[in-house]
Amino acid sequence: MGSSQKLGALIHPAGKIRLSAEEQEHRLRQLQELGLNLTEFAPEIEEQFELTAGKPLDRAILLAQALTLRKFSYVWAARGGFGTTELVPFLENLLPPVLPPKLFIGFSDNSFLGNYLAARYPNMTYIHANHAFDPLLLDPSNSDTSLLLQLIKGESPKPQILNAEWCSSVNGNTFSLTGPCIPFNLSLAESFAATRHVSFPENSILFLEDINEELFRVQRKFDSLINAGLIDKCSAIILGSFSDCKKADGSVASEQEIAELFSRKSGKPVLVVKAFGHDDRRLPLVAHTTIRVSKSSNEITVEISFTAENRNGLATEFSAALCPIKNSNNPDAMPQLHFTGIGGTGMAAVAGLFSSAGFSISGSDNPIYPPMDE
């Protein structure tokens with residue numbers, strides 16, 4: 001293996017692979033030729049109904065292992081399907097408070113897992129893009145793959161400027177807004193809305209796509225986002241492809257019709273950019289990058305960047321288990337926290353998080369070894 005090879009983990013957090021063993025090996029060889037060396041973390045115990053790649057605990061343990069090993073710079077989902085939402089109770093107990101910097105790649109069902117991890121861990125970057133075994137990934141006509149490969153290799157592609165086909169609930173001929181990108185499959189955004197402690201950042205630009213859902217179910221899922229308060233944090237909504245979403249008369253609803261429905265319900269600007277979703281286009285969307293939307297009298301454009309913003313602190317909403325006593329002599333001063341065993345890898349990381357949040361930190365341990373002593 002040359003020095004240019006990027007080490008990654010191939011994970012199976014959702015559906016069962018439909019390719020033969022020979023087809024899987026061929027894909028891994030193709031990726032290795034492109035400089036991507038993947039170590040597979042595959043469940044060995046089959047799930048009863050064969051809806052997923054394996055039992056939930058088995059998938060969660062393997063995912064946690066892949067996420068915590070520092071040698072992997074990225075974790076790539078083999079396919080979507082079903083099953084990521086049932087991993088959260090296990091991951092809450094398996095994952096440490098701090099993870100090494102890493103990319104998580106996948107879409108469809110994996111959009112739930114990617115956004116959950118990115119919300120919990122600021123140094124986790126979620127890329128909403130092709131799965132590793134997606135048939136279209138290495139299609140010569142797929143221009144989106146070159147962008148994804150650049151991201152995996154640590155490069156920063158130039159921003160893409162795309163024309164939007166539709167915009168509603170916007171007064172006036174011109175407007176502009178910016179916000180962090182939050183890419184989701186609509187079905188999994190509904191699951192995210194029901195997950196405790198995690199939420200969208202303020203002024204998010206929510207990217208949504210879905211497939212094979214009747215229009216009344218699409219409407220019901222969007223209502224869940226509204227009722228959970230997540231849409232309140234969005235400055236705009238951008239729709240990708242909504243493939244084969246049928247209306248009551250059996251005809252297929254267009255993305256423009258769905259945009260009009262969402263805009264009427266939310267009162268937000270809703271645009272259509274069919275560059276992502278379950279159709280042929282799979283433009284990589286990097287969560288928490290800055291998105292710029294502009295409307296002039298003639299056109300609407302969306303500028304998509306690929307460099308994630310630095311995010312300090314945890315993007316979660318845990319209620320405090322204890323409330324440190326304020327300094328009565330200086331009410332504005334942050335409380336002092338003392339950590340016993342501060343030299344441990346986990347305790348030192350937690351102390352560092354509190355220190356970066358402005359708390360005064362002290363600690364004790366004996367002995368303390370590198371690198372934690374620094």
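The following dialogue explains several terms as they apply to this predicted model.

Mentor: This is a predicted model, in which local features need pLDDT of at least 70, side-chain atom pairs count only at pLDDT 80 or more, and totals for chains, interfaces and linings use all residues. Residues are numbered from 1 along each chain as its sequence is written, and side-chain values use heavy atoms, with hydrogens and water left out.

Trainee: Why is Phe339 called buried?

Mentor: Buried means under 20% relative accessible area, exposed means over 50%, and partly exposed lies in between (1.4 Å probe, protein chains only). Phe339 has 9% relative accessibility, so Phe339 counts as buried.

Trainee: What makes Phe354 buried, exposed or partly exposed?

Mentor: The relative accessible area of Phe354 is 32%, therefore Phe354 is partly exposed.

Trainee: Why is the aromatic pair of Phe339 and Phe354 called tilted?

Mentor: Rings of Phe, Tyr and Trp (its six-membered ring) pair if their centres lie within 6.5 Å; planes under 30 degrees apart count as stacked, over 60 as edge-to-face and the rest as tilted. For Phe339 and Phe354 the values are 6.1 Å centre to centre and 55° between the planes, and the pair is accordingly tilted. Phe339 lies in strand S15 (residues 336–340) and Phe354 in helix H9 (residues 345–356), so the pair ties together parts that are 15 residues apart in sequence. Helices (H or I, at least four residues) and strands (E, at least two) are DSSP runs, numbered from the N terminus.

Trainee: How many aromatic pairs are there by this rule?

Mentor: The count comes to twelve. One of them joins Phe242 and Phe262, at 6.3 Å centre to centre with 80° between the planes, and is edge-to-face. Phe242 belongs to strand S10 and Phe262 to helix H8, 20 residues apart. Both Phe242 and Phe262 are buried.

Trainee: What makes Glu50 partly exposed?

Mentor: Its relative accessible area is 47%, so Glu50 falls into the partly exposed class. Glu50 also has a positive phi of about 60° although it is not a glycine. Its place is in the loop between strand S2 (36–41) and helix H2 (56–68).

Trainee: Why is Asp244 called partly exposed?

Mentor: Asp244 is at 44% relative accessibility, and therefore counts as partly exposed. Asp244 has a positive phi of about 55° although it is not a glycine. Asp244 is found in the loop between strand S10 (234–243) and helix H8 (255–266).
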